[in-house]
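Please have a look at the model before I go on.

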Amino acid sequence: MRFAQTIAVVTGAGSGIGRSVAFRLASEGAKVILVGRTRQKLEQTAETINGKSRIPMAEIFTADCTDGEDVSELAEYVQQHYGDLHVLVNNAGGSRNTRILEMSETEWDEVQSVNLKSVFLVSKALGKIMVEGAKREEGNRAIVNVASLSGHQAGAEIPHYSAAKAGVINFTRSLALELAPYGIRVNSVSPGFVDTPLTAHGLKNDRFVKAIQRNTALRRVGNPDEIANVIAFASSPEASYMTGSDLLVDGGWLIK
Ligand code: NAP
């Protein structure tokens, strides 16, 4: 039970990697606040978590993490209901395929907003609560930002997403420096190809799947639990000397 007495916020917890992270944190004792834009998806995550436990371990808060007002309301909710926060997983994100010369300014802004600005907004608002908590009592406090393999390499089909995720990796380092004096650790996790609603369309294409297998040392696509395990590690006291790091979980794509 690495997360006993832990209050955690997971953004994008209604599906994919975020849902797996919420399951893992709750199964190890955390009270988890599930954040996303679609209530129904969050309710499904919460029902599964709460159905497995004697006391409810999950609750939902609908918010658009790119919207400063929504994020302020989330912070107020956490402050009023818990007065502290120990773990924040900035997981909300996504993209679509468009090349640079075909891309509209709006699409560029949207992808920066959901993948990078959201990490800034949520980290700032909830980071303040974590800092105040850390001043009152010592203990494990961690932020984990979900970046991407794409943040480590060029992405001809997803240049906006690659740029934003590279930004997440470096934003993580800056935030790690700022919060280190309070003992709050900040790391990022960079998944490779993982089977989630984000990639579902592409993974229906046999040629695409074969190309991933060919280019991945472990010769397969990952599953969300394999990413959640690493995010849980980075969030836990086991990673007590790790901050400002990026953990690449790509099945050996980059070494090929
Ligand atoms: P997913 O199932 O589509 O999950 C993304 C979640 O983020 C959704 O539940 C979505 O729910 C939420 N979300 C999107 N925009 C939001 C916003 N503005 N505010 C709040 N929530 C928002 O995809 P996933 O693959 O699990 O992605 C999770 C993270 O992993 C993302 O950051 C993604 O970039 C990263 N990643 C994924 C892969 C992969 O292969 N799957 C690889 C590398 C990195 P709502 O639409 O209901 O808000």
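When I say polar contact, I mean a pair of N or O atoms within 3.5 Å; within protein, one must be able to donate a hydrogen and the other to accept it, and residues adjacent in sequence count only if both atoms are side-chain atoms. This is a predicted model, where local features need pLDDT of at least 70 and side-chain atom pairs count only at pLDDT 80 or more, while totals for chains, interfaces and linings use all residues. Residues are numbered from 1 along each chain as its sequence is written, and side-chain values use heavy atoms, with hydrogens and water left out.

At the ligand, a polar side-chain atom of lysine 41 lies 3.1 Å from an oxygen atom of the ligand. The backbone takes part as well: an N or O backbone atom of asparagine 91 is 2.7 Å from a ligand oxygen atom, and a polar backbone atom of valine 194 is 2.8 Å from an oxygen atom of the ligand.

Now to the helices, which are DSSP runs of H or I with at least four residues, numbered from the N terminus. The axes of H4 (residues 105–136) and H5 (residues 159–179) come within 8 Å and cross at roughly 15°, the axes being lines fitted to C-alpha atoms over the stretch in contact, with angles from 0 to 180 degrees between N-to-C directions. H4 and H5 are therefore roughly parallel to each other, a label for angles under 35 degrees.

Conventions: Helices (H or I, at least four residues) and strands (E, at least two) are DSSP runs, numbered from the N terminus. Angles under 35 degrees count as roughly parallel, over 145 as roughly antiparallel, 65 to 115 as roughly perpendicular and the rest as oblique.
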